[in-house]
Amino acid sequence: MRALVVADEVDEALWAGLGPGCDVGLVLAAGDLPFDYLEFLTDALGGVPCVFVPGNHDPDLSGFTRHGGLSLRAGFPQHWPGPAGGIDADGRVVDVCGLRIAGLGGSLRYSDGPNQWTQAQQARRARRLMRLAARRRRRDGRGVDVLLTHAPPRGVGDREDQPHRGFDCLHATVERMRPDWLLHGHIHPYGERPREHRMGGTRVRNVVGRHVIEFTPHEVRT
């Protein structure tokens with residue numbers, strides 16, 4: 001399984017360099033990208049699935065449900081502003097293309113915008129996500145392969161300014177879930193290639209821009 005993993009920065013080369021012949025079966029997006037860009041990527045790759053979490057510059061996608069083919073919010077039909085066909089993994093555990101993906105979007109709160117959380121708020125969201133993952137594992141014995149976040153863990157590739165500090169709770173989340181990968185965006189490398197980190201057996205990668213990651217069979221747990 002090869003996935004195109006993107007976040008934060010539109011890669012102009014992708015507008016002309018993709019097609020159904022590309023050996024990529026999934027798009028993973030870690031936030032702060034135009035939704036029409038994500039739609040273009042999935043369409044250009046022949047309709048592969050797109051799993052994403054929202055970033056702090058994305059619109060509020062909370063509260064939407066699907067019923068009878070309609071998008072509902074607070075019980076009333078309302079257009080979903082997310083990417084068409086995209087799977088919002090924020091606060092959820094989803095199984096797509098043989099991967100189990102747990103998602104936690106947003107950044108540390110620094111303004112009144114959407115998808116921003118205090119450390120305590122994100123810790124509550126992370127605990128709920130861990131319970132969901134544990135419930136799924138008890139049911140079928142499968143663990144989480146990818147933890148997809150917008151912001152990084154605190155002290156693992158983050159910055160010291162308030163908007164770009166990482167979340168403390170992601171340390172406990174990684175320790176509990178033990179995913180093969182934690183993929184995040186939010187921290188712009190400004191032309192440099194950020195180094196990959198390790199948290200125990202979990203590889204932590206800043207995926208701002210574009211990356212192609214191959215998930216080998218021993219990393220896709222069954």
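A: Here is a walk through the sheet, then the helices, the cores and the aromatic rings. Keep in mind that this is a predicted model.

Let's start with the strands. The open sheet has six of them, in the order β8-β9-β12-β13-β15-β14, and the pairing is mixed. At the edges you'll find β8 (93-96) and β14 (197-199); each has a single partner strand, so one side of each is left without a neighbour in the sheet. From one strand to the next, the twist averages 25°.

Now zoom in on β12 and β13. Strand β12 covers residues 146-149 and strand β13 covers residues 181-184, and the two pair in the parallel sense over three bridges. Leu-147 has Leu-182 in β13 as its bridge partner.

Next come the helices. Helix α3 (residues 119-140) lies across β8, β9 (99-104) and β12, and runs at about 165° to β9. Helix α4 (residues 169-177) lies across β9, β12, β13, β14 and β15 (202-206), running at about 160° to β12.

That brings us to the packing. The largest nonpolar core has 22 residues, and Val-93, Ala-102, Leu-129, Leu-147, Phe-167 and Met-177 are the ones with the most contacts inside it. Two or more residues each come from β9, α3 and α4, with α3 giving the largest share, six residues. Val-93 is a handy place to look: leaving out residues up to four places away in sequence, Val-93 touches Arg-100, Ile-101, Ala-102, Leu-129, Leu-132, Ala-133 and Arg-136. Apart from this core lies another one, of 20 residues, and Val-51, Val-94, Val-146 and Trp-181 are among them.

Finally, the rings. The whole structure has three aromatic pairs. One of them joins Phe-52 and Trp-80 in a tilted arrangement, 6.2 Å centre to centre with 45° between the planes. This pair links distant parts of the chain, with Phe-52 in strand β3 (residues 50-52) and Trp-80 in the loop between β6 (76-77) and β7 (87-88), 28 residues apart. One more ring to look at is Trp-117: the charged end of Arg-125 sits over it, 4.2 Å from the ring centre.

Technical notes: Residues are numbered from 1 along each chain as its sequence is written. This is a predicted model: local features need pLDDT of at least 70, side-chain atom pairs count only at pLDDT 80 or more; totals for chains, interfaces and linings use all residues. Side-chain values use heavy atoms; hydrogens and water are left out. Two strands pair if DSSP finds at least two bridges between them. Helices (H or I, at least four residues) and strands (E, at least two) are DSSP runs, numbered from the N terminus. Axes are lines fitted to C-alpha atoms, for helices over the stretch in contact, and angles run from 0 to 180 degrees between N-to-C directions. Contact means heavy atoms within 4.5 Å. Rings of Phe, Tyr and Trp (its six-membered ring) pair if their centres lie within 6.5 Å; planes under 30 degrees apart count as stacked, over 60 as edge-to-face and the rest as tilted. A charge sits over a ring if NZ of Lys or CZ of Arg is within 6 Å of the ring centre and within 35 degrees of the ring normal. A nonpolar core is a set of buried Ala, Val, Leu, Ile, Met, Phe, Trp, Tyr and Cys residues joined through side-chain atoms within 4.5 Å. Buried means under 20% relative accessible area, exposed over 50%, partly exposed in between (1.4 Å probe, protein chains only).
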